[in-house]
Amino acid sequence: MTDATTLTAPMGRMRPKRLLVLAIMLALSVAPGQLGELTRELMTDAYVQVSVFVAATLLLFYGAERLFSFDIGESLSRARGAQVPLAALLGATPGCGGAVVVVAAYSSGHVGFGAVVATLTATMGDAAFLLIATRPDAAIIVLPLSLLVGILSGWLIDHFHKVEYRASTLASCELAPLIGRTRPQDVAYLVLAAPGLVVGAAQLAQVEINALFGIPVQWIALAGTFLGLTIWATSKLAAMTNTHDSPLTRMAEETSFISVWVIGAYLAYDYVAEFAGVDIELLFQSIAPLLPLMAILVGLIPGCGPQVLVTTLYLNGVIPFAALMGNAISNDGDALFPAIALNPKAALMATLYSTIPALIVAYGFYVLAPGFMN
């Protein structure tokens, strides 16, 4: 069955809007002169600095889950007093999968509202992968602090907030359609990501690798990038994968989705700086006191794309650590989408509650430690 926006295709479904993005990315990468050269360099950087590490993390996480037959949702329902810390820990896990599990568990009556606030406050979403891969020193501060704030927020909500927002009739909800068997493109994505991971790890160790097995690194990175873009452009998924799919399929799908936003953030920043002649750092310095607030407000936007952009601005020295910290606490990533679908009132209240600690922590850093981690 197809609809007006999706058609069947050999790799999945034809999504016109996503295919248009793929076509634009391809055109930019083969453009002559400086535009094409810069685009290819940025795509290579995005792949070896972020995408391959996302793939490795997701494969490890989903592989362990499958190997040990560990059902996170069921464990939460039996946790009782430890629900809030566990929910916050799931939220602090890079990506949005852990937070989505908690949101679904709330809808089915297994956890309380404090757990939802804890997980949405603690999560940094897909932006966490970007931060870990490029600024692990900052990630060591951001993720544990977000976890701590999430736990405290959840406990306070459970103590003072006695209203629940569940529907009177609870029903299970499948968050993502099932893909089924492991596909050739999933295997191919792993084959390309493996050497990319070697290059990314070497860069972290400050070892320059220009070619692997006689193949230039850029060719490997661009092949992996456009395979990922093709998987994303023909996917029947919105973002998250079904827990019953194979770890390899889940890795390929979710890494491809995350990579689109990372590539977009990389290109957007450098295009503006290179071709528009805008000194972004100088522009933002003129409104420095408002930057933490702006980052927190961006965090209220559902999805990981805007949050990846905020992290990219921090990595380029445009916004201070205080703004990054505020965004990390206030943003809910892709977990907000299923939260809105399942319990719109709970989603709205939880994300509003997360802005309070975000403001306190962000402006605490801005006033007391303005130069910290900048």
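Q: What makes Arg183, Asp186 and Glu253 a network of salt bridges?
A: A salt bridge needs a side-chain nitrogen of Lys or Arg within 4 Å of a carboxyl oxygen of Asp or Glu. Arginine 183 and aspartate 186 meet at 2.8 Å, N to O, and the closest N and O atoms of arginine 183 and glutamate 253 are 2.9 Å apart. Both distances are within 4 Å, so both pairs count. Arginine 183 takes part in each pair, and the three residues are linked in a network. This is a predicted model, where local features need pLDDT of at least 70, side-chain atom pairs count only at pLDDT 80 or more, and totals for chains, interfaces and linings use all residues. Residues are numbered from 1 along each chain as its sequence is written, and side-chain values use heavy atoms, with hydrogens and water left out.

Q: Why are aspartate 186 and arginine 183 called buried?
A: Buried means under 20% relative accessible area, exposed means over 50%, and partly exposed lies in between (1.4 Å probe, protein chains only). Aspartate 186 has 0% and arginine 183 has 12%, so both count as buried. Glutamate 253 is buried too.

Q: How do you know that the pair of arginine 183 and glutamate 253 links distant parts of the chain?
A: They are 70 residues apart: arginine 183 sits in the loop between helix 8 (136-160) and helix 9 (184-204), and glutamate 253 in helix 11. Helices here are DSSP runs of H or I with at least four residues, strands are runs of E with at least two, and both are numbered from the N terminus.

Q: Why are aspartate 137 and arginine 135 called partly exposed?
A: Aspartate 137 has a relative accessible area of 39%, and arginine 135 has 21%. The whole structure has 3 salt bridges.

Q: What makes asparagine 327 buried?
A: Its relative accessible area is 0%, which is under the limit, so asparagine 327 is buried. This residue is in helix 15 (residues 321-330). Its contacts (heavy atoms within 4.5 Å) include Ala295, Ile296 and Gln307.

Q: How do you know that the side chain of asparagine 327 makes a polar contact with alanine 295?
A: A polar contact is a pair of N or O atoms within 3.5 Å; within protein, one must be able to donate a hydrogen and the other to accept it, and residues adjacent in sequence count only if both atoms are side-chain atoms. The side chain reaches the backbone oxygen of alanine 295 at 3.0 Å, so the distance is within the limit.

Q: What makes helix 7 mostly covered?
A: In helix 7 (residues 127-134), 6 of its 8 residues are buried, including Phe129, Leu130 and Leu131.

Note on methods:
Lists of a residue's contacts leave out its neighbours within four places in sequence.
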